[in-house]
Amino acid sequence: MAFESDSLVDDARIEAARGEDASLDDVARTLSARLRGASPQAILAEALTAFGGRVALVSSFGAESAVLLHMTAQIDPATPVLFLDTGQLFGQTLDYRKALAKRLGLRDVRDLRPAYADLATRDPKADLWRSDTETCCQIRKVAPLNLALGEFDAWITGRKRFQSQTRAHLPIVEAAQGKLKFNPLAAWGREALDAYAAAHDLPAHPLTAFGYPSVGCWPCTKPVENGEDLRSGRWAGSEKTECGIHTSQSGGAAQDVGGGI
Ligand code: SF4
């Protein structure tokens, strides 16, 4: 791809508007290389500035979410934050989402819920997770997120390479379905996250104290033993490792096959 301007992100916006993933793949790879070694705050600022009004942070308000939410609030507390309220979350997560958003001063947290028609026709007893986790994640996570992302050219995730083997090669920027995805914390490890949270006195998700290093829906999340992958408590006992919001969005450049926000 030939870049006509000095701003790769400007080019990305144009390609995103055209919905051309192949060109966006090039933009993502070049941006990843350019941002290698940059701090998470610098990556975040680049995304928020360049895509102002057309970029959203997607957050689970889970075990490690406070760090990126805090960084975002420091740069622009009006940033749209998309929160997937699947209807199957722990009560502690819903309480944490409210308290943390208030504490950080985030002004535009959007609760995304499954479509009533999908629930009525495909999961009327709210027990689809017992028999078909793929479809359950599709109607409770993937479909609501895809709908909400329609108004944005780019989004930001909190995924990190250290979280699991499936995320070990997560790029800083990737392309998917006509949008760019920024992963500002991709290179950060446990120590850096803990140090940042301590320095800013960020409250932990209440379930981390009970052995949950990754928190999703209550039927599909279990505590984790020491030494296990941090995400091994998600869909424990099954082959499933990701909910599908990233796999369904993946374009050619995406090296990451990971999902859960
Ligand atoms: S994580 Fe479990 S309960 Fe939540 S949407 Fe996916 S299958 Fe359903």
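Student: Is the crossing of H4 and H8 left-handed or right-handed?

Tutor: Call a crossing left-handed if the near helix is turned anticlockwise from the far one by less than a right angle, and right-handed if clockwise. The labels come from DSSP runs numbered from the N terminus: helices are H or I with at least four residues, strands are E with at least two. For H4 and H8, the crossing is left-handed.

Student: Before we go on, what kind of model is this?

Tutor: Residues are numbered from 1 along each chain as its sequence is written, and side-chain values use heavy atoms, leaving out hydrogens and water. Local features need pLDDT of at least 70, side-chain atom pairs count only at pLDDT 80 or more, and totals for chains, interfaces and linings use all residues, for the model is predicted.

Student: OK, how many helices and strands are in the protein chain?

Tutor: Read along the sequence, the pattern goes α-α-α-β-α-β-α-β-α-α-β-β-β-α. Counted up, that gives 8 helices and 6 strands.

Student: What do we call the way H4 sits relative to H8?

Tutor: Axes are lines fitted to C-alpha atoms, for helices over the stretch in contact, and angles run from 0 to 180 degrees between N-to-C directions. The axes of H4 and H8 (residues 190–199) come within 9 Å and cross at roughly 55 degrees. Angles under 35 degrees count as roughly parallel, over 145 as roughly antiparallel, 65 to 115 as roughly perpendicular and the rest as oblique. So H4 is, to H8, oblique.

Student: And what about H3 and H4: what's their arrangement?

Tutor: H3 covers residues 40–50, and its axis comes within 10 Å of the H4 axis, crossing at roughly 55 degrees. The crossing of H3 and H4 is right-handed. At that angle, H3 is therefore, to H4, oblique.

Student: Are H4 and H5 roughly parallel or roughly antiparallel?

Tutor: H5 spans residues 91–104, and its axis is 10 Å from that of H4, at an angle of about 30 degrees. The crossing of H4 and H5 is right-handed. With that angle, these two are therefore roughly parallel.

Student: Is Phe 61 buried or exposed?

Tutor: Buried means under 20% relative accessible area, exposed over 50%, and partly exposed in between (1.4 Å probe, protein chains only). Phe 61 has 0%, so it counts as buried.

Student: What about Asp 201: buried or exposed?

Tutor: Asp 201 is in the segment after H8. Asp 201, also not a glycine, has a positive phi near 55 degrees. Its relative accessibility is 58%, so Asp 201 counts as exposed.

Student: What separation do the C-alpha atoms of Pro 77 and Asp 108 have?

Tutor: Pro 77 is in the loop between H4 and E2, and at 22% relative accessible area it is partly exposed. Pro 77 and Asp 108 are 31 residues apart along the chain, and their C-alpha atoms are separated by 7.7 Å.

Student: Last one: how do the residues around the ligand divide up?

Tutor: A residue is near a molecule or strand if one of its heavy atoms lies within 4 Å of it. Here 10 residues surround the ligand, and the closest are Thr 133, Cys 136, Cys 137, Cys 217 and Cys 220. Ala, Val, Leu, Ile, Met, Phe, Trp, Tyr, Cys and Pro count as nonpolar, Asp, Glu, Lys and Arg as charged, and the others, Gly among them, as polar. The shell divides into 6 nonpolar, 2 polar and 2 charged.
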